[in-house]
Amino acid sequence: MVLFRRSETIIATILVLAMIAIGLVNPAFWQLDNMFSLLRSNVVIGIMALGVLMVMLSGGFDVSFPAFAVASMYLTVKGMLYFGYVGVFLPFLVSVAIGVLCGCLNGFFVYKFRMVPLIVTLGTGSMVRGFLLGVVGTSIVNIDRFPPVLIEFAKAEVFSVVKSDGTHSGLTAMVLLYFGLALLVHLVLRHTMIGRSVYALGCGAEAANRVGFNLKKTIFFIYCSAGALAGFAGILHCSMIWLANPRDFVGMDLEVIAAVVLGGASIFGGRGSVLGTMLGVFMLVMVQNSLIIMKVDTTWQLVVVGIIIVIATVATAWRDRKRQA
Amino acid sequence: MSEVFIELRNIEKRFAGVHALDDVSLTIRQGEIHCLAGENGSGKSTVIKVMSGVYRPDSGEILIDGQPVHKLTPIESIDRGVQVIYQDFSLFGNLTVAENLALNTELREKRRFVNWRSVRALARRALDELGVDIDPNADLETLSTAGKQLVAIARALMSDARLLIMDEPTTALTGKEVETLFRIVRDIQRRGIAILFVSHKMREMLEISERITVIRNGRKVAEGPTSDFNEGSITRHMTGHDISSESYRWQPSPGAPPAPRLEIKGLSKPGAFSDLDLAIRPGEIVGLSGLLGSGRTEVALSLFGMEPGYSGTIEIDGQPVRLDSVGRAIAAGIAYVPEDRLSEGLFLSQSIDRNILATSYDAIANYLVIDRAKARAMTADMIRSLQIATPTGEKLVSELSGGNQQRVVLARWLLTNAKVMVLNGPTVGVDVGSKAAIHHIIRDLAVNQGLAVLMISDDVLELVGNCNRIVLMHRGRFVADVDTATISEEEISDQLKSFK
């Protein structure tokens, strides 16, 4: 019985039903290379969603992560070109560090001035994006100049198959990074006190404070982690598409937030899980993917994302109200 | 007589020059149940905050186990065994009962990782110790208020408490839940833990406590064993004067009784109430009581147009009216004072003036422009005649005490020239002094303006004191219509308790 009341079960059920339905309309959906590309599309949005989940759990709202992600990746790639650096580990580290720094900015305003996270992140996101374009540059780093070492890294595959027509398709190893990070975030949220403090804060700052949680630590932890995940997602994204565009990720905030809400996280905080978020991300990516397969115009995808946000929010709000009654 | 656990000596605390506490002394002995009584704003919560280390007194001494404590901090206070259960419980609705119970222990031990097995074990032990049957794996928000309170008590007891301070613990409980709470409080006392009950409900204080301390305006005005007090003396100490408890009886004018102001016939709504008949004459106050869920609130709401879809007829001054929206109900002359004035009756972030005028803007507007002079005159008049304690009508309603807020709600309806007033729990959360004043206002309204008043309340004493007739409701039906002149308060209470 408990299983049926959990949001994850409901989301997973809907997901399976949707997959069956899409498969009936379009049998190409179930083909291996479509599945591979579907999983591949989960990676970047999924990693960002983990960060957004943490912010949402604490009762906050984050729209700055696309800007942080793009700043981290662009600065890092520019740096690699400038110094002629060849390597993978250090660029990822730098990109994550830039994300953490940006996240600190959010944490500072949210904690110190008790400002509404939505407004703070609107401001910092805009600032970081503007700074990037104004100071660092607006030129796209194309494949001809893009560091080959990153391209090689992102080309790694878990396994691949050669199809009957001789073409090859494989599952990118980047999904392992995504799953690894998801597991890490899950463990932190579920099994550490700092993770539980995120849930406590999402229920009420005053009560969390009275019990003895250090809210300063919690808030900085949340926003720095979200920044770090954005930085990681940024550098991974450009490695996977072989170019670094300083105007990338526009409108990404909406998509990721839709995925997290779809995954059962409450926009009022305190409720949500990593598993649910991963399912939500998969559902959103799958819907977009199917629209592409069915040759629906991309502008209509925006409409679909909007509808998904509204339906998912109504469903979670209705669930929360019913529980309290 | 057992030894003293904590003692406050001559405590003084000022906020911006205002004396919140003036020379207050309070002694709590080990394992005693002590009541701290006082009206809203008398300084009760300041006393709690001094004992829990949240406020540091400007002068005076705090002694624990006979030793003076300098600079009591919240952490030290908890270490010494002082635990406060706040009115909002400070629990986490999104977490399980078990985790709510274990959080303090985990934090105190500075754990970094959560061991879920030990969390459940800790919770199980705490609940068993209290002897309550609550599923530790349930999410806290699925519990009733009483259940949440028990979890808060269990949590407080987990940290070697020696004194449990409970701030207005019975406010949101039903009669039966209060009994359970008292049983548990006595169990806790048997373990040698002292309990400080902070309240303004006289009955409960007299029933549960061994000693009582009364404060008024930041000063201690009385203290002693409970046997030295009775309701009248506590009231006198709390308010500083005698509260007249004369009851009101409506006298119909000689000759033929006037036609009913409000008459309902065969009022039914599926799932809420059925076949109700009631007539209220001008100047008459009729009481309505029943257990929660008896349908009494639904009756009130349908009179105010919030439950459209009823069948039967409602007549005002002999004219049938159809009340299927709030607008129509107001136009028909119905005023409604809701159960929860904070969320349903007032715009808390707005001024007193605007709250009073909320239903009258049509009357003071010349087309689209508000006549400010007229508005000011009207509100000033109301503030004066209802004795709302405020220097100016510009003040925010949220800054007023409960009693004054309720007067603001009444003032608003006075301006609409209502014919029928429905009061749902008119004095819930209002202290004794204000309560009497509000009753006076209601009676004056009934007499001078010929209002028909329907007063819904849990407080039988309040109904007996104000009404000629009390209608008892059970499972959606009016089951009895009693004349308060011929029946005692106890008999009504017994009858109410028999509804199960």
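At 34% relative accessibility, B:Arg9 counts as partly exposed, a class lying between buried (under 20% relative accessible area) and exposed (over 50%), computed with a 1.4 Å probe on protein chains only. This is a predicted model, in which local features need pLDDT of at least 70 and side-chain atom pairs count only at pLDDT 80 or more, while totals for chains, interfaces and linings use all residues. Side-chain values use heavy atoms, without hydrogens and water.

B:Arg9 forms a salt bridge with B:Glu61, with the closest N and O atoms 3.7 Å apart. A salt bridge is a side-chain nitrogen of Lys or Arg within 4 Å of a carboxyl oxygen of Asp or Glu. This pair links distant parts of the chain, for B:Arg9 lies in strand β1 (residues 4-15) of chain B and B:Glu61 in strand β4 (residues 59-64) of chain B, 52 residues apart. Strands (E, at least two residues) and helices (H or I, at least four) are DSSP runs, numbered from the N terminus. B:Glu61 is likewise partly exposed, at 35%.

Further along chain B, B:Asp324 meets two partners: B:Arg322 at 4.0 Å, N to O, and B:Arg328 at 3.4 Å, N to O. Over all chains, the structure holds 30 salt bridges.

Helix α3 (residues 97-108) of chain B is mostly covered, since eleven of its twelve residues are buried. The elements that cover these buried residues include α9 (193-203) and α10 (205-211) of chain A, as well as α4 (116-130) and α5 (145-157) of chain B, where contact means heavy atoms within 4.5 Å. After α3(B) comes B:Lys110, whose phi is positive, near 50°.

Notes: Residues are numbered from 1 along each chain as its sequence is written. Chains are lettered from A and ligands numbered from 1 in the order in which they are written.
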